Amino acid sequence: MISQANNPVQVEDSFKGNADLVNSELTQAIQQSIQPIMVMGYRKGQTFLAVGAQHGERLMLQINVHATEIPTLLRSRSVAEDSNDPSSGKNRPVNEKHVEGIKDYIIERADSNNKWILGPITANVAPNRIQYQRIWGDLYVVFIPNNTALEITDGQHRKKAITELIESEDDDRDLINEATFAVNLVLEGDFEQCQTDFCDMAQTYPIAKSLLVAYAGFGRDAIAKEVTEKVDIFRNKTQKIKSTPGSRTGHIYTINYISKLVSCAFTGNTNNKLSEINTEELVKAQAEVLSDCLNHFFATYPQTQYLATQEKLKWQEVTEFRDSNILGISVGLEILGCLLYYTYNSEKNYFVLDKVDELAKIDWSKTGECWQETVVINNGKGGFKISAGRGSVSVALERCIEQLGWKSNK
C-alpha cells in the first residue's frame, strides 16, 4: 500500500493547500473553537495561532502578522546615530539606505509580478505581558493586549520598510496591503538578555558576494550567471561561491567580478543593478548580446586567445595571467566593461564589433601605458600595487579613450 505522504496531491495556486489532508469536520471544529477566543478579545487585543519552539530554555512563538498591524504591534528601540551610549537601545542605529534598499527590492519585484521574500522579524516580550496556551504539540493560541508592544530584537529595518510602504499615499501601499509577515516572538523580558540576543544573532558568517550573485533571479546578477556559462574564458574558470578566486586553483575570476562588468558594459556604471531586466526573456537576451561581444574580444586579444580555448586551466597558467595582465583581476574587467559601453548601441541593443576590435589592440598587460600610476602603482620597492579606487579607474579610462581617439562624452 502506498501512503499519501509518498503520493502527494498537487497544491492549488490559491494557497489553500490540499483539499483532503484534513477532513471538513475537523476544519470546522478548529474554526468554531478559535472564533470565540477572537470575539472575547475584540478591541482588547489580537489573537493569533502560533507554532512554538524552545530556544535556550525559553519559549519562542512564531506568529503571522498582517502588514497593516506591523507599525503598531512591533516597536524598535534603536540607539540614536549621535549617541555613544549603547544601553540607550537594543538595536544598532537605523541605516536609512538599508531601509530604502528593502523598499526598492519589494517595489521592483512586485511591480514586475516577480516573487519576493522577507525573512522573519524576531521580537521579544515578557511572558506576563501576553496570554498563551498550548493546544497540542507545538500548536499554541496567543493573545496580545493592545497595551503590549513586541520589542524588535532583529529586523528593525524590515519593520521600517514595511511601515513606510503601508503608510505611503501612492500605489506602493497596494503592493503589500494583503501580505502577512512572520514574527518570531521570544518570551524574554530581561533587557540585557535581549541585547545579548541581538549580539548573538549578529554573529553570522557574511555571505560571499559571489554566492549572492549566483543565486540572483533578475537584473545584472542574473545576466552575469548566464554570461559566465556562455563566455569561453569565464566558463569553468570562475569561482561562483567564494569571495576570491583562490590561489592554486583554475579560477581566474569570481562571478562578482563579472557582475560588475555587466553593469559597466550596459550602463557605464559599476553600481547599476539593471533592475529593469526583470524577466527571464530579457535576462537571456541581454546575456546573449554581451556574451557574443566578450567572446569576440577575448578571441581577438592575443594574450587571452589561448586561455579562452581551454576547457580548464592549470593554476600556474592562471597565476601567470593574473600577475601579468589587468584583465585577470577585478579592476581590469571593470575597465573593460566601461570601455565596452562606448561600443554599445543601446537603441538597437548591440555592441559595435569593429570598435571592440580596437579595444583588443590596447596593451592590457600591467606594464601598459594606460595603467601606469593609475591602477598600477609603483610601491617604491621595485614592485607595484593595484589601485581600484574610482579616481584611478577614471584616469585610466580617460587615457584609453584618448589613445583610441574616441570621444569621452558617452
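1. In the second largest pocket, α1 is the element that gives the most to the lining, with five residues. The model is predicted, and the points below should be read with that in mind.

2. Four elements each supply at least two residues of this lining: the helix α1 (24-40) and the strands β1 (45-55), β5 (131-136) and β6 (139-145). The second largest pocket holds about 320 Å³ of space. Its lining amounts to 16 residues, and those nearest the centre are Ile37, Thr47, Gln133, Val141 and Val142.

3. What is the class make-up of the lining of the second largest pocket? There are 11 nonpolar and five polar residues, and no charged ones.

4. The remaining points concern helix packing. Two packed helices are described by the angle between their axes and the distance between the axes. Helix α8 (residues 255-267) and helix α12 (residues 330-341) have axes that come within 6 Å and cross at roughly 20°. Angles under 35 degrees count as roughly parallel, and α8 and α12 are therefore roughly parallel to each other. Their crossing is right-handed.

5. On the α8 side of this contact are Tyr257, Ile258, Lys260, Leu261, Cys264, Ala265, Phe266 and Thr267. They meet Ser330, Leu333, Glu334, Leu336, Gly337, Cys338, Leu340 and Tyr341 of α12. By class, the residues of the contact of α8 with α12 comprise 11 nonpolar, three polar and two charged.

6. Helix α8 also packs against helix α7 (residues 219-230), at an angle of about 115° and with the axes 8 Å apart. This makes α7 roughly perpendicular to α8. The crossing of α7 and α8 is right-handed.

7. Which residues of α7 meet α8? They are Arg220, Asp221, Ile223, Ala224, Lys225, Val227 and Thr228, and their partners in α8 are Ile255, Ile258, Ser259, Val262 and Ser263. The contact of α7 with α8 has six nonpolar, three polar and three charged residues.

8. The crossing of α12 past α14 is right-handed.

9. In α12, the residues that meet α14 are Val331, Glu334, Ile335, Cys338 and Leu339. Arg390, Val393, Ala396, Leu397, Cys400 and Ile401 face them from α14 as contact partners. The contact of α12 with α14 contains nine nonpolar and two charged residues, with no polar ones.

Key. Residues are numbered from 1 along each chain as its sequence is written. This is a predicted model: local features need pLDDT of at least 70, side-chain atom pairs count only at pLDDT 80 or more; totals for chains, interfaces and linings use all residues. Side-chain values use heavy atoms; hydrogens and water are left out. On a 1 Å grid over the protein atoms alone, a cavity is a set of points where a 1.4 Å probe fits but cannot get out, and a pocket is an open set with protein on both sides within 12 Å along at least five of seven lines; lining residues have an atom within 4 Å of a point. Grid points are joined across faces, edges and corners, and a volume is the space filled by probe spheres set on the points. Ala, Val, Leu, Ile, Met, Phe, Trp, Tyr, Cys and Pro count as nonpolar, Asp, Glu, Lys and Arg as charged, and the others, Gly among them, as polar. Axes are lines fitted to C-alpha atoms, for helices over the stretch in contact, and angles run from 0 to 180 degrees between N-to-C directions. Angles under 35 degrees count as roughly parallel, over 145 as roughly antiparallel, 65 to 115 as roughly perpendicular and the rest as oblique. A crossing is left-handed if the near helix is turned anticlockwise from the far one by less than a right angle, and right-handed if clockwise. Contact means heavy atoms within 4.5 Å.
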